[in-house]
Amino acid sequence: MSKSLFDKVWDSHVVRKIEGGPDVFFIDRHFIHEVTSPVAFLGLKNRGLNVLFPERTFATADHNTPTINQHLPVEDPLSANQLKALEDNSNEYGISHWGLGHKKNGIVHVVGPENGITFPGATIVCGDSHTSTHGAFGAIAFGIGTSEVEMVLSTQCIMQPKPKKMRINVNGQLGKGVTPKDVALYIISKLTTSGATGYFVEYAGDVFENMTMEGRMTVCNLSIEMGARGGMIAPDETTFEYLKDKPLSLKGDAWDAAVAHWKTLKTEADATFDKELTFLASDIEPMITYGTNPGMGIGISNNIPDANTVDGGVATYKKSLDYMGYEENDPMLGKKIDYVFLGSCTNGRIEDFRAFASIVEGKQKADHVTAWLVPGSHEVEDKIKAEGILDIITKAGFVLRQPGCSACLAMNDDKIPAGKYAVSTSNRNFEGRQGPGSRTLLASPLVAAAAAVTGVVTDPRDLL
Ligand SMILES: CC(C)[C@H](C(=O)O)[C@@H](O)C(=O)O
Ligand code: SF4
């Protein structure tokens with residue numbers, strides 16, 4: 001039977017098939033952070049178990065880290081404890097640890113790829129739902145629970161039933177101002193947040209083939225927001241070019257042999273999928289969300305949908321609009337905003353800062369807007385400085401913060417106040433996600449930049 005990319009990677013990692021049960025599945029790379037690993041290590045200790053392959057696990061601190069004054073001790077005792085636990089556990093078991101202040105520190109899904117820990121054909125897990133990001137490299141990457149983190153630490157395997165397969169094709173060319181984030185928000189708006197539940201998605205078609213690695217990461221990152229277990233894109237020259245010479249990428253003959261293998265990781269022509277969807281690039285415009293889940297998104301020039309035209313119940317829909325303080329049929333353009341957040345594992349990479357700078361250059365931040373610009377890693381921060389982006393944003397009245405998850409989920413001090421509107425490049429707009437009572441409008445870095453300089457929801461195409 002012809003195999004898909006997903007089948008090839010999955011099947012080559014099955015250690016044992018259990019009749020009528022899940023597969024015992026080998027994990028190549030395991031990332032850990034301070035939120036979901038402490039309890040797993042506690043479990044290991046209680047059962048007197050060891051870490052089987054410490055060299056396959058990589059720790060970085062990101063969720064609870066402050067984004068200013070990182071050289072000072074962390075004030076919040078809960079955060080300080082979590083960070084200390086990650087450091088102590090990593091040291092005890094011989095796991096590489098990029099803690100606060102380390103030059104490689106940053107958001108787990110940003111530092112993994114930029115250091116070449118992520119690679120095509122790999123199986124990658126982390127106790128974190130946005131592990132799907134790494135699928136951009138043609139890896140099978142997904143989030144796991146804390147008990148599975150313990151399982152991976154002790155056995156380097158987990159038990160997994162093989163998910164169903166979906167292929168999403170987007171063909172044609174994206175218009176001006178339309179970014180990978182818009183492609184993803186568009187797909188989620190069509191599928192809803194549960195449209196891909198139970199599936200593993202392969203993204204295919206010209207749009208993804210022509211996308212940069214960072215764009216592919218943005219798309220795969222958001223797979224989880226439509227319910228998918230993960231999403232992946234076949235590796236190609238763009239992938240190999242990105243990974244070549246990364247600190248932990250293979251070198252010399254080993255690299256050449258790996259690339260030769262990675263080139264075989266393509267879906268065969270007559271492979272079949274349980275579900276297949278096709279969209280047109282020309283139908284996608286810059287997107288923005290107006291509600292309290294990532295599926296509640298529209299093209300920026302559209303009006304908020306009428307309750308009678310949406311699936312999923314009128315009452316829930318109205319409750320969501322109430323929370324946002326919005327009315328059906330209102331335009332999104334021109335709505336006043338208070339905060340802008342540029343960052344997260346969705347859009348906290350150098351291309352996102354370049355995009356933001358391309359709009360704010362020569363303009364000024366709107367007076368009433370508070371903007372938090374948070375690089376995904378120190379490497380991103382260094383590039384922002386080296387490329388002159390820091391100068392551009394500083395002249396435009398913005399301040400650059402230090403790396404971390406920050407206001408994406410507000411586990412540190414970066415909380416959007418109750419009732420305030422934030423245009424955010426992150427991935428979730430749930431009630432209170434960015435701080436109790438906060439209201440989130442998910443969008444691309446271009447839309448965020450346009451809102452930052454005008455103070456209202458603005459079509460970035462008018463400013464490009
Ligand atoms: C804290 C962590 C478990 C969580 C996740 O799994 O995704 C977080 O990263 C998020 O984005 O909500
Ligand atoms: S940046 Fe946001 S989505 Fe990504 S890992 Fe951190 S909290 Fe989760």
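## The antiparallel sheet

Phe 26 stands opposite Cys 157 in β8. Strands here are DSSP runs of E with at least two residues, and helices are runs of H or I with at least four residues, both numbered from the N terminus. Strand β2 (residues 23–26) pairs with β8 in the antiparallel sense, over 4 bridges. Two strands count as paired if DSSP finds at least two bridges between them.

Both strands belong to an open sheet of 3 strands, ordered β1-β2-β8, with antiparallel pairing. β1 (14–17) and β8 (157–160) stand at the edges with a single partner strand each, so one side of each is left without a neighbour in the sheet. From one strand to the next, the twist averages 25°. Axes are lines fitted to C-alpha atoms, for helices over the stretch in contact, and angles between N-to-C directions run from 0 to 180 degrees.

## Basis of the model

This is a predicted model: local features need pLDDT of at least 70, side-chain atom pairs count only at pLDDT 80 or more, and totals for chains, interfaces and linings use all residues. Residues are numbered from 1 along each chain as its sequence is written, while chains are lettered from A and ligands numbered from 1 in the order in which they are written.

## The parallel sheet

An open sheet of 5 strands runs in the order β5-β4-β3-β6-β7, with parallel pairing. Its edge strands are β5 (96–98) and β7 (140–143), each pairing on one side only. Neighbouring strands are turned by 20° against each other on average, direction ignored.

Within this sheet, β3 (residues 29–32) and β4 (residues 57–60) pair in the parallel sense over 3 bridges. Ile 32 stands opposite Ala 59 in β4. Helix α3 (residues 77–93) packs on the sheet and touches β4 and β5; its direction makes about 155° with that of β5.

## Domains

An automatic or database domain assignment sets the bounds. The chain is divided into domain 1 (5–160), domain 2 (164–235 + 262–283) and domain 3 (287–462). The C-alpha centres of domain 1 and domain 3 lie 28 Å apart.

20 residues of domain 1 are in contact with 20 residues of domain 3; contact requires C-beta atoms, placed from the backbone, within 7 Å. Helix α4 (residues 108–114) gives the most to the domain 1 side, with 4 residues.

## The ligand shell

Ligand 1 is surrounded by Val 35, Thr 36, His 63, Asp 128, Ser 129, His 130, Gly 143 and Leu 409. Each has its C-beta atom, placed from the backbone, within 6 Å of the ligand.

Technical notes
Two residues are in contact if their C-beta atoms, placed from the backbone, lie within 7 Å.
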